[in-house]
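Work through the following exercises with the sequence and the model side by side, and try each task before reading its solution.

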Amino acid sequence: MVDGLKAYWPNYVGGRWIDGGAGTIAVEDPATGETLAKQALADTGDVNRAIAAARACHESGALSGLRPVERGRMVRRMGEYLLDKIDEIAPVLTLEAGKPLWESRVEIEGAARYFEYYGNQAETLEGRSIPLGGDYFDFTVHEPYGVSAQVIPWNYPVEMAARSLAAALAAGNACVVKTPELDPLTGAYMAEAAEAAGLPTGAVNILCGLGSEAGAALVAHAGVDQIVFTGSVETGKSIARAAADNVVPCVLELGGKSAAIVHRDADMDAVMSSVRWGIFFNAGQVCSALSRLIVHRDVHDEIADRIADLAKSLSVGPGLERPEFGDNMGPMISDKQLERAEGLCRQAESEGATALTGGRRLNRPGYFLEPTVFTGVTPEMTIARTEVFGPVLSVLPFSEDKEAIEIANGTDYGLVAGVFTADLDRATAAMRDLKAGQIFVNEWYAGGVETPFGGYKKSGYGREKGREALWNYVQTKNVAFTVK
Ligand code: NDP
């Protein structure tokens, strides 16, 4: 058994480990369907207490009044704590989220990187001086909002929590984090990291609760000043409505149906590598997954065959048995998500698409879907328009550049998009015409913590990552001085 896995995981509010007012929830191992541990489940009372703790921290100035370089150091220490404990955290993450052990390590390293990056940015939130002439001096200051509410999705529970926590804390906000009910356990390490880093009491509160109860209560609470959400469009809309009722800003990151266009002159090895990462990493449960490949007809069959071979070569099974980087993939997060993905595969076939490989669950316990490649997909099909959130790639042919761009832009989403070509003019035109918040030229997922990330259209609004994300967590105050 894994050393770090405890039988029971409490919530963390106001610097104390507490039980849940709603009791507990059983957390499953997606590789077996068996219960791993019990997690405390927050009710509305717990949510209220967490917001009160964050508010008290904010009003006291214990966090917001720190010299930014000090706050930044604490934020950086949180990342160092995660790295120090990576050997303990990674197996727990793999057990609760399913991903191969090496992917868990990649996720934790990514989380640490957020703390490093935003810790370093804490002292860079400078205002500006605005010339008004004559008897005036004018300048701006950026102040934290106060209490930041953060609703975390299950696909990257550690990294997504780090993404919003790091930037919010660096800017001086106290935070209440609602971890996902499916894989909440690793949230405890964020609380431990905050304690180890010396953050003031109430700066970081971590609670698991049901989205429809604790999550809804959190985002609707009048004591929350700012909201960050990553998840589905439907839940995102309800959060935006709650934010509107309290007139507070929210950042919504809502997934996509992202496409890469592959031209005849593309470097095919680069395409294959991008497909491997783009749709099979984390079993395709990635908001910016490469879920549609739009391929020039002249190279369509060759590429489709190569991708089918790649999909078949992946070793699919429990994440703990897959410790090393390689051609492997874990289960999906839950039976519900697997059923949904399998249902979309059946629908694709009934609408006329062909499964070159995959499309079925594995005949074993756990929530495993075969790595799946569909050809014969047309832009109108459900599989071409709906986010599967699983290891399912749709390949669509094109003849003219304009047609490829139209197909790529032809969904409700606009999170990321890509183009593979050796032709600079073509790449530049695609970069200009693709409607998405991030464009990848010749490598899917190029970029990092430093590069702004967020959606066009129904993929949401606001930006995470990069310098841009800091602006989610501060409001600008203008000060005009009159000299008499
Ligand atoms: P949700 O959007 O429902 O869940 C995401 C987070 O929101 C979870 O922490 C959830 O809590 C919480 N939540 C749910 N309802 C509310 C609410 N009313 N108020 C506040 N918080 C709430 O996604 P699902 O897990 O149901 O997944 C469905 C689909 O969403 C996926 O198939 C995928 O397409 C998309 N998705 C996209 C993600 C992305 O990265 N953009 C991430 C996750 C899902 P809890 O789980 O604890 O109930």
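Valine 483 is placed in the segment that follows β24 (474-482), where helices (H or I, at least four residues) and strands (E, at least two) are DSSP runs numbered from the N terminus. The model is a predicted one, in which local features need pLDDT of at least 70 and side-chain atom pairs count only at pLDDT 80 or more, while totals for chains, interfaces and linings use all residues. Residues are numbered from 1 along each chain as its sequence is written, and side-chain values use heavy atoms, with hydrogens and water left out.

**Exercise 1. Classify the exposure of valine 483, and find the nonpolar patch to which valine 483 belongs.**

Step 1. Take the cut-offs for relative accessible area, by which buried means under 20%, exposed over 50% and partly exposed in between (1.4 Å probe, protein chains only). With a relative accessibility of 39%, valine 483 is partly exposed.

Step 2. Apply the patch rule, which takes residues with over 30% relative accessible area and no salt bridge, joining nonpolar side chains (Val, Leu, Ile, Met, Phe, Trp, Tyr) within 5 Å and like charges within 9 Å. A salt bridge here is a side-chain nitrogen of Lys or Arg within 4 Å of a carboxyl oxygen of Asp or Glu.

**Exercise 2. Describe the overall make-up and dimensions of the chain.**

Step 1. Counting the secondary structure gives 15 helices and 24 strands.

Step 2. The radius of gyration is 23 Å, close to the 23 Å that the globule rule gives for 484 residues, so the chain is as compact as a globular protein of that length; the radius is taken over C-alpha atoms, and the rule is 2.2 Å times the number of residues to the power 0.38.

Step 3. Along the principal axes, the C-alpha atoms fill a box of roughly 75 × 65 × 40 Å, and buried residues account for 58% of the 484 residues.

**Exercise 3. Determine which geometry the ring pairs tyrosine 12 with tryptophan 17 and tyrosine 117 with tyrosine 118 adopt.**

Step 1. Rings of Phe, Tyr and Trp (its six-membered ring) pair if their centres lie within 6.5 Å, and planes under 30 degrees apart count as stacked, over 60 as edge-to-face and the rest as tilted. By this rule the count is 13 aromatic pairs.

Step 2. The ring centres of tyrosine 12 and tryptophan 17 lie 4.8 Å apart with the planes at 55°, so this pair is tilted. Tyrosine 12 is buried at 6% relative accessible area, whereas tryptophan 17 is partly exposed at 36%.

Step 3. Tyrosine 117 and tyrosine 118 are edge-to-face, with 4.9 Å between the centres and 85° between the planes. Tyrosine 117 is buried at 10%, and tyrosine 118 is buried at 0%.

**Exercise 4. Explain what parts of the chain the salt bridges of glutamate 59, glutamate 192 and arginine 105 connect.**

Step 1. The whole structure holds 25 salt bridges. In one of them, glutamate 59 meets arginine 55 with the closest N and O atoms 3.2 Å apart; the two residues are four residues apart in helix α1 (residues 44-60), and therefore separated by about one helical turn. Glutamate 59 is exposed at 56%, and arginine 55 is partly exposed at 23%.

Step 2. Glutamate 192 and lysine 85 form a salt bridge at 3.5 Å, N to O. Glutamate 192 lies in helix α6 (residues 187-197) and lysine 85 in the loop between α2 (68-84) and α3 (86-97), so the pair ties together parts that are 107 residues apart in sequence. Glutamate 192 counts as buried at 19%, while lysine 85 is partly exposed at 22%.

Step 3. Arginine 105 pairs with aspartate 87, their closest N and O atoms being 2.8 Å apart. Arginine 105 belongs to helix α4 (residues 101-121) and aspartate 87 to helix α3, so this bridge ties together parts that are 18 residues apart in sequence.

Technical notes
Accessible areas come from the Shrake-Rupley method with a 1.4 Å probe; for residues, only the protein chains shown count as cover.
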